[in-house]
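Dear colleague,

Please find below the structure that I promised to pass on to you, together with its sequence. My notes on what was found in it follow directly after.

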Amino acid sequence: MKVCSKFGLLLLIFTLLLVSSALGDMLPNNEPVEGLKIEDVPHDDGGGLMLSWKPLPKEKRIIEYRIYRGYTPDSLFYIGKIPVDAKTGVAADTMRYVDQGWTFFVDATSHAKLKHEKGQKKGTKGAEVLYRTVPRDMKVYGPMMDHYRMLAVIPDKEYLYHTKMREFTDVDTTEDGTIDTTSTILAGMKLEQVKYILTKLTVGKDYYYAIQALNMNRTASPLSEIASGRTTDDPPEKLKEFYAVDVTDKEQLQFEWSLPVFTSDQKQFNIYLYDEFDDQHLIFTRPDAYPYTPQTNAIVPYDSIAARFEAFNPANMKWYKFNIGEQDRQDQETLAKDEPIPAEMISSTTLPHPPVHFTVKDQPNDKGDQLQVYFGYPYYGLSKLTYNDEFTKLTVTYFITENSMYEVNRLILTINGTTKTEYVLDNKLDFKVNWDHTHPMEITGRFVCKHKGQAPLPEDYAVTHTFIFDTEMQVVLIDNPPNEQMKEFQEYYFQVYKINHTSDVYRYAKQMSFREREYIDKVSYETVQFRGRPRFSLDEKRLYFSTYLSIVNYKDHYPFYTQALYLDQLKQQDEEIKEEIVKLQAELETETDKEEIEKIENRINLMTEYIEDKPMIVKEANLLNSDKERMKMLYDDHCKNARSFKYYIRKTDGKGHFVDTPVYTAPNGEQYIFPKQNWFNTDEVITFIAVLLFTALVYFMIKAARKGKRLYIRPIAGIQEIDNAIGRATEMGRPILFVPGLSGISDVATLAGLAILSKVAKKAAEYDTKILVPCRDFIVLPIAQETVKEAHYEAGRPDTYDKNSVFFITQAQFAFVAGVNGIMIREKTATNFYMGMFWAESLLMTETGSMTGAIQIAGTDAVNQLPFFITTCDYTLIGEELYAASAYLSNQPLILGTLKAQDYMKLIIVITVVLGTILSTVHLTFFMNWFPTK
Amino acid sequence: MTETIGIWIAAFLTLCMFSFLYKDNPFYKFAEHLFVGVSMGYYIPYTFYNAFIPYAYEPLFLKKEYILIIPFIIGILYWFRFSSKYSWVSRYPIAFGMGIVGMGVPMGMHANVLVQMRTMMLPLNNINIILIFFGTISILLYFFFSKAHKGVYGKFTSIGIWFMMVGFGASFGYTVMARISLLIGRIQFLLGDWLGLIK
Amino acid sequence: MKFADRIQKVDRRIIYGILALAVILPLVFRLGLKTYTTTPVEDLYRHIDAAAGKDDMAIIMDFTHDPGVLPELYPMDLAILRHCFQRNIKVFTISFLPQGAAIIQLALSEVKEDYPNIEANVDYCNFGFKPWSLKLPIMLGMGDDIAEAVETNSEGLKLENLPIMQNMKNYDNIQVVVEISGSSMGQFWVTYARAKFGVDVAVGLTAVMAADVYPFLQTGQFVGSLGGLKGAAEYEQLVDIFAMNNTEFSKKNARNMAWVEAQYKELPELAKLYKYNKARIGMDAQAIVHVLIILFIILGNIGYFLDQRAQKKKFVK
Amino acid sequence: MKRQIPLMIVLILGLLFVAHVFIPSKLSSDYLDWFMKWTKVIGPFAIVLGVFSLVLVHYNKIKRKAPNWGYSLVTLGALIVTTAVGFIWGIQEGTPYMWIFKNFNVPLGATMFSLLAFYIASAAYKAFRARSIEATVLLVAAIIVMLGRVSIGQAITHWIPDITEWILNVPNLAAKRGIALGVGLGMTATSLKIMLGIERSYLGGRD
């Protein structure tokens, strides 16, 4: 009783300490953040503001600065925080937060109601203005949307199949007083159908910000003064580099330039030619895809220049000068060079050779979301060269880059005269060479590739590296300086360009170094659509998005051929166009001016074409009379088009000297490659066989065992020990401790442990000796209970079964051990069994056990625990001996059969390995190569 | 101050634990039981905030993915564990979770068996590889229970024991290291953070 | 006989006392013994360092360890983080144990205070705690899309909106996964992440586990490993002699003690901080205690043999 | 109903997972996503079991006024306080919750483990005996490694670390691999048996 009261007290203290810590005591957090400044982010699209303020002194123990934003000063919402380390505070004298780009706005998981910020008690400064994140209450976030740019991310399925059509009619009077009504059809969705909605600052609006600091006890400082800022859409920044190259014999100009940093409102690049009179002529424009894709070069043939600048004459090239302008979506333009530059005149012979065997293939063994882009012959590089002190033995650590056309089978390396063939490509090869390490050495590699009917490697194809020993650095320098071949290699890199079937601008997919030979292009499955600012209706609690789905790049005439979601909408659109046509034709009657007539006729033609000439798929789809089916048909086609790509590769030095491969055309003449999904992973064949084999073994062995077939198991020393140990406990009249491991039931060791437990428990029950079974896993617990209970029944002593003798201590590894130790010492257990899976804590138990002088018997397959059990326990079952023992004891056909099955599997493994080793030793590597390396 | 209290508590508890070295005593018992409680208590809010809310509550009740009601109920079935009559119901969630073992079959075969096999098939071109090769084989056979360890075969398998013992010796040495590292860690705390003897 | 007896009878508390002294003294009065780096550690360092300055390459640090093993693993946590911040290597941190999440917090803040311009979610991103039951879905999911599999970072922000994720898609952008744990967690990464997606995996382990990662090291399933306090000490040294002076890694130099000593001479103050030397100081104590234990074993066994002999004599008589 | 249906669930899901490994197609990866989504929902409920059993154990102790029931009071108290604190003040950095973690969990866990060093010392002195040749080999190997793993070994002669490396790379490697192969098989076999419903002890209960 005294004990308990004492510890009741201790507990009380402990609780008090907690509370005191919760209150703590540090400088009161009663001063606001000072000097909040808000500036526009330069060169951007007007979507960014930068906040800066003075951090509070570190005595304040601040852990985070919280940032609030609003479009009116009287309601600010939490938009983000900057976590700080309380101990060290902030070293710098100003802190920054950049509110830029698309940031999270609202989704179905946002707060339900408009919530005032915590810690902002009524009356305190900021109470009336500070709110938590934007709530999912449309009354609140709906109107807010008009004050920002909005981007909704919508799951395809929801957008295409589960929207509610609604027609909005807007009436507005134009300046000449005529009232015109425009009706738009939009797709209505609930907020929870939308993945989430993003927001971004918009140009020319005032935004209000305030900062609040939380200290270690999460008590908030008073609100900083509310500062406001306004974003401006700045003109693009200057491009750093621009090169013009005239390839005379090819009759084309090649341009290359460096990329801008800020790209989100990039519209197009314009290249200008300045003629001998310094007149500016626009000769090339490259519109930028949306979303932005970096593009750093262009080819402009003479004739296309001539088309824009009649007087163009290649002969005058030496007088021509060039410049490039970067233009943003507000048509602000910045020229790269203050002074236009002349073109460097070269002939195509000085250009690099395009990569050979450029191929695009569907990636095998994937779920249909990868394409292989590869080219060229294999390459090997040296990652490391090490040597012994006498410079007589070189260890070459190499790596090979290859592609699926030329898979390297062997690597043949030559260092001054000595040639060695690497059969097993383990990235390591030893050389015996006398190396005068003061002179550079050459290592030459040739390849033997797997035969797959590909064109053989050129006879003379070899890669040679130079290396020298740097006595200063005490290291071997590789390709430093590089030899001619390496110079050539290192000078150029590859750019992979691709375009899908729903757009008109090539995208820059990947830059590849001169080492790389293969690029696996990830073509992810489409899951979401992006739509701009929705309308909303409070009464229906719905958001309304514009309805369209891009289908295909149709005849390059409609790069983004789109279709509306609803048939009715479609009909309506066609009607409108037809009416328009009629109107125009009426105009034609009256119109007299020639040009005007031409214009009108063109428009009529365009419209009629749009109505009559539609892609096949669209025609078919529009015949269906269910929106769902129609959408499905179009969506499938959309996915196919959006996910099939054309590729070409550009080899460049970044200074305008580049060549392209032709766009890849598959043997079947198709240029757009579509990734197919595969239905069997051929890499796993060997695994498949092994699994089948093993399954069969396990199944039949257990069957046999169940049939009572005698299955021989060699005698295992130490099973005796178990009986003796139990006997001892009985003599001493002390309890037995049995720990069935620490891991869960999914662990084979645990099961074996439980099997042994049932035997031990039975014996114990017979001798009427108490047995304690602490469990860590709460799913093992009831099973252990069952086991012990059953054992008592079998022993015919159900009365002696005490439910509390099998108990749960805790999940926590060490706490559990602490518990077990406590038991050992308090209960003075005479025999301790540790049967099952143990981790780093095992010694803690066995040591305590040996201190209490108990007989200890362990069995585990936890390799790293075995040594301890071996040195501290009286007997230890090593690894599978545990299974064997449990099989032997329990004689369960289950365990027995499995053991047998594993035995035979082992036999097979041994035979296979021996065979494989013999083969590989005589350089036959095909066999071992069937087996996976990782 | 908050930290100071903290450090003193930590130090106090550390000493409680160490007191066990002298003999089992109330202080140790207190620390021990405290530990059990605190670690479990730590686990509850964490799982609530980091697993229940984002993966169960939000999708079902906020994102309105009503299909998730099924796993939600299955999860609740766990609790029948405590009813002696209906404890079998809790097998459903367990069984569901167990499904993943299907992946364990081929992947286990792949990573734990086949990959290891390949690495054994290296050409026997230096003494170490040869030693490793025979060592591994002999150990495999040591754990081959269908044949008694007699005669030449017995001799060969016993090579396995030697390899194992050396191997165990190695990890033994390591374990000693580890334990001592931990002790050092604690002493560093006591001397450094608490008493400030080492800077 | 008597001697043997005496040996057996020594009270264990005396042994405890001796041990305690053997630990305390070297810690208080530093010995400054040399550290010799080993291949698995150097390999790990090299792999991580390969991501230096790349913004489309990151490493994942899995802190699936609990307080029990901190003394051994925490110096690793610090050393690796310091390496990354110093060489500006992008880091993702994650833990499948709730306690691990807290350890991440501690480690990050401790290192960050010396690197003020390192920003959360720009230079590193803390995924925080993900429930144990989710380790497979996440490990597998990251092969397709990290942002999708992990969903949110420790502050509950959606990953796809974070600056650091701009150039990160899946394991192709992961230089190496470093599993720091007191359990065999690393094997999960090998079995699932590596087997399926071929991402490089390395481990930082308690010394206990260190011995049995060798099969995996040889097969290359682990590209490197840190074994216990020693591994940490070696890594600390590598970070000091290479990263802190922003020199490229070179095994030759690492092994050349003269060179190493030279590097130590011109270390920036920051590297001299106690917390960044903890493992190495610890190793001094370690060395002493090892010797002590070995002495104990030998002494003990001498006694044991004398005893045996004595027994035999008895029978002869 | 009580046993067959759960077994069927395991079998079907299991087979699908086996298929998943060999079938890379979209369908199969969608299956994985589905399964994971659901386990994410089910997972959290399991923890309640642990808490409950723990509380039960100690509650009974207190009720029965079992010896040392005062300590159970401590456990329960700690459990309640920590949980409550977590729910009241939240679990972010800087909350009392984290404070408890730093100052209770960390030191307790670590110390628990470090006690081992002392046991080893005494064990080294009293228990680790070269009883047999095997044990001798083990101890010698251990001693070499212990020396080779600290600078002193290097200081004595560079052979010691070299031998250590060798021991770790050769015999140790062979041993680990030999054992690992067997264990690997064992694990695979268990997964197999659970999947096929041959191994059902994880379900517990007799019926």
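In chain A of this predicted model, four strands form an open sheet in the order E6-E11-E8-E35, and their pairing is antiparallel. The edges are held by strand E6 (103–106) and strand E35 (528–531) of chain A, each of which has a single partner strand, so that one side of each is left without a neighbour in the sheet. From one strand to the next, the twist averages 35°. Within this sheet, strand E8 (residues 149–155) and strand E11 (residues 196–200) of chain A run antiparallel and are joined by five bridges; you will find Ala152(A) opposite Ile197(A) in E11(A).

Two packed helices are described by the angle between their axes and the distance between the axes. For helix H10 (residues 685–706) of chain A and helix H8 (residues 171–196) of chain D, the axes come within 11 Å and cross at roughly 70°; since angles of 65 to 115 degrees count as roughly perpendicular, H10(A) and H8(D) are therefore roughly perpendicular to each other. The crossing of these two helices, H10(A) and H8(D), is right-handed. On the side of H10(A), the residues involved are Phe694(A), Thr695(A) and Val698(A), and they meet Thr188(D), Ala189(D), Leu192(D) and Lys193(D) in H8(D). By class, the residues of this contact of H10(A) with H8(D) comprise four nonpolar, two polar and one charged.

Finally, there is the contact between chains B and D, to which chain B contributes 97 residues and chain D contributes 100 residues. On the side of chain B that touches chain D, at least two residues each are supplied by helix H1 (2–22), helix H2 (26–62), helix H3 (69–77), helix H4 (91–98), helix H5 (101–120), helix H6 (127–142) and helix H7 (151–194) of chain B. H2(B) gives the most to this side, with 23 residues. Sorted by class, the side of chain B that touches chain D has 67 nonpolar, 25 polar and five charged residues.

With best regards

Conventions
Residues numbered from 1 in each chain as written. Chains lettered and ligands numbered in written order. Predicted model: local features only at pLDDT ≥ 70, side-chain atom pairs only at ≥ 80, totals over all residues. Axes fitted to C-alpha atoms, helices over the stretch in contact; angles between N-to-C directions. Parallel < 35°, antiparallel > 145°, perpendicular 65-115°, else oblique. Left-handed = near helix turned anticlockwise from the far one by under 90°. Contact = placed C-beta atoms within 7 Å. Nonpolar A, V, L, I, M, F, W, Y, C, P; charged D, E, K, R; others polar. Pairing = 2+ DSSP bridges.
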